[in-house]
Amino acid sequence: MKAVLQRVSAASVECGGKTVSEIGKGFMVLLGVTKEDTAEAADVLAAKIAGLRVFSDENGKMNLGLEDVGGEVIVVSNFTLCADCSHGRRPSFINAQRPQQANELYEYFIKRLKFYGVPKVGTGVFGGDMLLHIRNDGPVTIILDTDDLK
C-alpha cells in the first residue's frame with residue numbers, strides 16, 4: 001500500500017457538487033492499493049498513521065500524534081499512486097489492485113484506523129471523481145509505502 005499523508009488544519013471531499021466528508025485538524029490520506037497488498041499491510045499502515053507524531057508540541061517540535069491533538073482523518077482511495085512511469089510518457093496502472101479487491105482493503109484500512117483510536121475517519125467516494133479541499137498545515141507531507149515499513 002502506498003499513502004500520501006498531509007497534515008491539515010482542515011480538509012473536505014466533494015463529489016457530485018456535495019460535501020461527503022470534512023474534518024478539522026488531522027490528516028488527509030490518499031491511499032493506493034497494489035496487487036500485492038494484504039489485510040496485514042493495511043493493518044501495519046493504519047497503525048503507523050494512527051501513531052505518527054507530526055503535530056507540534058508547546059516547543060514547536062513535531063512530537064504529538066492524532067490522539068494528543070484530537071485529530072481526525074479523511075481517507076481517499078487513489079489508484080494513481082500505483083502508477084508506473086518508468087517507460088514512456090503515459091503511466092501504466094498495471095500494479096493497481098482490481099476495484100473490488102481494492103475497495104475491500106480500503107474499507108478494512110478505515111476500520112483499522114478506528115481500531116487504533118482515530119475518533120473520526122471520513123472517506124471519499126470509492127471510484128468517484130472528487131474535489132479535495134486541503135488546508136495543508138506546515139506544509140507537512142509524508143509518503144508511506146508498506147514495502148518500506150518494518
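## About the model

The structure is predicted, so local features need pLDDT of at least 70 and side-chain atom pairs count only at pLDDT 80 or more, while totals for chains, interfaces and linings use all residues. Residues are numbered from 1 along each chain as its sequence is written, and side-chain values use heavy atoms, with hydrogens and water left out.

## The largest pocket

The largest pocket holds about 340 Å³. Of the 19 residues that line this pocket, Ser77, Asn78, Phe79, Thr80 and Gly127 are the closest to its centre. On a 1 Å grid over the protein atoms alone, a pocket is an open set of points where a 1.4 Å probe fits, with protein on both sides within 12 Å along at least five of seven lines; lining residues have an atom within 4 Å of a point. Points are joined across faces, edges and corners, and the volume is the space filled by probe spheres set on them.

Strand E6 (72-77), helix H3 (99-115) and strand E8 (130-145) each give at least two residues to the lining. Helices (H or I, at least four residues) and strands (E, at least two) are DSSP runs, numbered from the N terminus. By type, the lining has eleven nonpolar, six polar and two charged residues. Here Ala, Val, Leu, Ile, Met, Phe, Trp, Tyr, Cys and Pro count as nonpolar, Asp, Glu, Lys and Arg as charged, and the others, Gly among them, as polar.

## Helix H3

Buried residues in H3 are Ala102, Leu105, Tyr106, Phe109, Ile110, Arg112 and Leu113. They cover an arc of only 160° around the axis, so they sit on the same side of H3; the arc is that of the directions from the helix axis to the C-beta atoms. Gln100, Lys111 and Phe115 are exposed on the face turned away from the buried side. Buried means under 20% relative accessible area, exposed over 50%, and partly exposed in between (1.4 Å probe, protein chains only).

The cover over the buried residues of H3 includes strand E3 (26-32), helix H1 (39-51), E6 and strand E7 (121-123). One of the buried residues, Arg112, has a relative accessible area of 17%. Leaving aside neighbours within four places in sequence, Arg112 is in contact (heavy atoms within 4.5 Å) with Asp43 and Ala46. After H3 comes Gly117, with a positive phi near 100°.

## Helix H1

In H1, the buried residues are Ala41, Ala42, Asp43, Leu45, Ala46, Ile49 and Ala50. They pack against strand E1 (2-15), E3, helix H2 (66-69), H3 and E8.

Thr34 is in the loop between E3 and H1, and counts as buried at 8% relative accessibility. Beyond its neighbours within four places in sequence, Thr34 is in contact with Lys2, Cys82, Asn95, Ala96 and Gln97.

Met62 lies in strand E5 (residues 62-65) and is partly exposed, at 49% relative accessible area. Finally, Pro139 belongs to strand E8, and the peptide bond from Gly138 to Pro139 is cis, with omega near 0°. Most peptide bonds are trans.
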